[in-house]
Each structure stands twice: as structure tokens, then as C-alpha cells.
Amino acid sequence: METLSENRCFGGVQGVYKHASDSTDCDMTFGLFLPEEAQDGPVPVLWYLSGLTCTHENAMVKAGAQGWAAEQGIALVFPDTSPRGEGVADDDAYDLGQGAGFYVNATQTPWAPHFRMWDYVADELPALLARDFPIDADRQSITGHSMGGHGALTLAMGLPGQYRSVSAFAPICNPSAADWGRKQLAAYLGEDQDAWAPHDATLMMREKGLDIPLLTDTGTADQFVEMLRPEALAEATAARRVPATLRLQPGYDHSYFFVSTFMEDHVTFHAEALYA
């Protein structure tokens, strides 16, 4: 573990760290905010998964989450969105390759050797955090934005019992039926759409439902709303009669201005579950 930076922040510490990942077979960088309470013992943790083109840094700097997390005594983890580095496959398009891991374990060439972001977020990084930092591994929740919202929803439904609550900002809700999804799932997982289903929140909701609290926010002026398909998730949630709060926010777009506006709501929502 290499410490890249540590800064005092809202009484706690915002750190950035790098380590060699077994899952992705390359070096990975992540941000970790530890509140002041972490000096006295393990604290609950909220995972924030970022969207297309982002690194660990975007949400860490722009989402305004640390102040609200400090009020609740919650740690924040900001993983990267994909493997990176020399020898890691990439694509000229912004929505495939480095910066666009989609939180899946790729099975197809040339992505399979490194693009194993599901394993990294679900297993490897949580174990590393619990080992090296004062993190309570039994109290985890997860959120994310756009592609990261997709990841948060699918991880929460795919790993029952791992998280106490899940939320998302403008998530890609139905990727197997949208331009943000079909291209990437085919590239990473192949043309067999049965392999896509565990990475489509709408399909998972229809099949499995969800037994933890769920909150989503999507802006009505989101320039990508046709690719996000929030209505598909809402229909599936209603059909399964899953208690959830799925909100449309008038006039908001896809930016971090939108994310930061509703961050307090989301951190408070997760704190209620983490401290229940």
C-alpha cells in the first residue's frame, strides 16, 4: 500500500492510496475519507462508485460528500472506475475501456485479463480496507452516479447481505436496453444476453427484488435520460412491490452540481441504515 496523499478534512482525513490489485492485475488507486471517529475504532463505510470517464478523484473533489459523512461518522470509499496502465486494454471511445469498467468481470478479449471490477469492488478492496484501516466490514452501504449508479444497484442486488442500503444518482437502470449498456456488455461479456442479466438493475429487480432500503434521484433535464431509463426500474420496482424512493428532480441535469445538491439526502439515508 502506497500513500499518495493525506489531507485533513472536516475533522477527519481524506487519503489517496495505491496498491497492486490481484483482481485487475495492475496497480489501482482509490480515495478514502475517514471521519474523526475512526481514531477511536472501526466506523461504517459508504461506497461511492463513479461514472464514465471518472477516476477516484472526480467525486472525491466534486460531490461534496465528506462534510455530510463527517457529521454522521461514516467513512467514504472512492474506487477508480476501471483498471489502468501500460498493457491494460483501452478504446478510443470514452464509453469503453479505461474509465469505463462498468463494474463487471469481463470474459472477452482483450478485456478479460484486467477488467474485473466486480471482484475488485465486491471482494478485494473491502478486504484490504478492513485489514489496513479502521473500517467496520459488517456495516457497508453503497451509492454511485450514472455508470456507478448501475454498479451500486447491481452489486446490491447481486450480493444480498453485503450492504445495508443502496442509493444512486442518475443510474443507468436498464443497460441491456440502452445505448449506454448494450455496447459495453457485449464487448466485456459477449453476445449472449443471458450473461448481461446479472448486470442490469431492471432485470435483476424483476427477477430477485431487493430487501434493503433503496433511494434514487434522476434529473428531469438530464441530457442522458433516454439512456438511463429510470422508468424501467420504477416499473420493475412497482411490479415486485419493493419499498423504494425513486425521485425525479425537476430541472436538474447529469452533472456534479446535481449530485452535490442531493448528497446530504443520500448520506443521511445511508446513515439511518448503517446505524440501525
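Strands and helices here are DSSP runs (E, at least two residues, for strands; H or I, at least four, for helices), numbered from the N terminus.

Strand 8 (residues 214–219) has 6 of its 6 residues buried, so the strand is largely enclosed by the rest of the structure. Buried means under 20% relative accessible area, exposed means over 50%, and partly exposed lies in between, with a 1.4 Å probe and protein chains only. Leu 214, Thr 216 and Thr 218 point one way from the strand, while Leu 215, Asp 217 and Gly 219 point the other way, and all are buried.

Residues are numbered from 1 along each chain as its sequence is written, and side-chain values use heavy atoms, with hydrogens and water left out. As this is a predicted model, local features need pLDDT of at least 70 and side-chain atom pairs count only at pLDDT 80 or more, whereas totals for chains, interfaces and linings use all residues.

Among the helices, helix 4 (residues 147–158) has 12 residues and reaches 16 Å from its first C-alpha to its last. That is close to the 16 Å expected at 1.5 Å a residue, the expected span being 1.5 Å times one less than the number of residues. Helix 4 is largely enclosed by the rest of the structure, because 11 of its 12 residues are buried. The buried residues are Met 147, Gly 148, Gly 149, His 150, Gly 151, Ala 152, Leu 153, Thr 154, Leu 155, Ala 156 and Met 157.

Helix 5 (residues 179–189) is likewise described as largely enclosed, since 8 of its 11 residues are buried. These include Trp 180, Gly 181, Gln 184 and Leu 185, and the list continues with Ala 186, Ala 187, Tyr 188 and Leu 189. Helix 7 (225–228) is included in what covers the buried residues of helix 5. Just after helix 5, Gly 190 takes a positive phi of about 95 degrees.

Two packed helices are described by the angle between their axes and the distance between the axes. The axes of helix 6 (residues 201–208) and helix 8 (residues 230–240) come within 9 Å and cross at roughly 5 degrees. Ala 201, Thr 202, Met 205, Arg 206, Glu 207 and Lys 208 of helix 6 make the contact with Ala 232, Leu 233, Ala 236, Thr 237 and Arg 240 of helix 8, contact meaning heavy atoms within 4.5 Å. The axes are lines fitted to C-alpha atoms, for helices over the stretch in contact, and angles run from 0 to 180 degrees between N-to-C directions.

Strand 1 (residues 2–9) and strand 2 (residues 12–21) run antiparallel and are joined by 7 bridges. They form a hairpin with 2 residues between them, and Phe 10 in the turn has a positive phi of about 50 degrees. Cys 9 has Gly 12 of strand 2 as its bridge partner.

Most residues other than glycine have a negative phi, and most peptide bonds are trans. Thr 53, in the loop between strand 4 (43–49) and helix 1 (57–62), has a positive phi near 75 degrees. Arg 241 has a positive phi near 55 degrees and is found in the loop between helix 8 and strand 9. With a relative accessible area of 74%, Arg 241 is exposed. The peptide bond from Thr 109 to Pro 110 is cis, with omega near 0 degrees, and Pro 110 is found in the loop between strand 5 (75–79) and helix 3 (117–132).

Phe 78 is found in strand 5 and counts as buried, at 0% relative accessibility. Not counting residues up to four places away in sequence, Phe 78 touches Gln 14, Phe 30, Gly 31, Tyr 48, His 56, Ala 59, Met 60 and Gln 66. Phe 78 and Ala 59 are 19 residues apart in sequence and 7.3 Å apart in space, C-alpha to C-alpha.

Definitions and conventions:
Two strands pair if DSSP finds at least two bridges between them.
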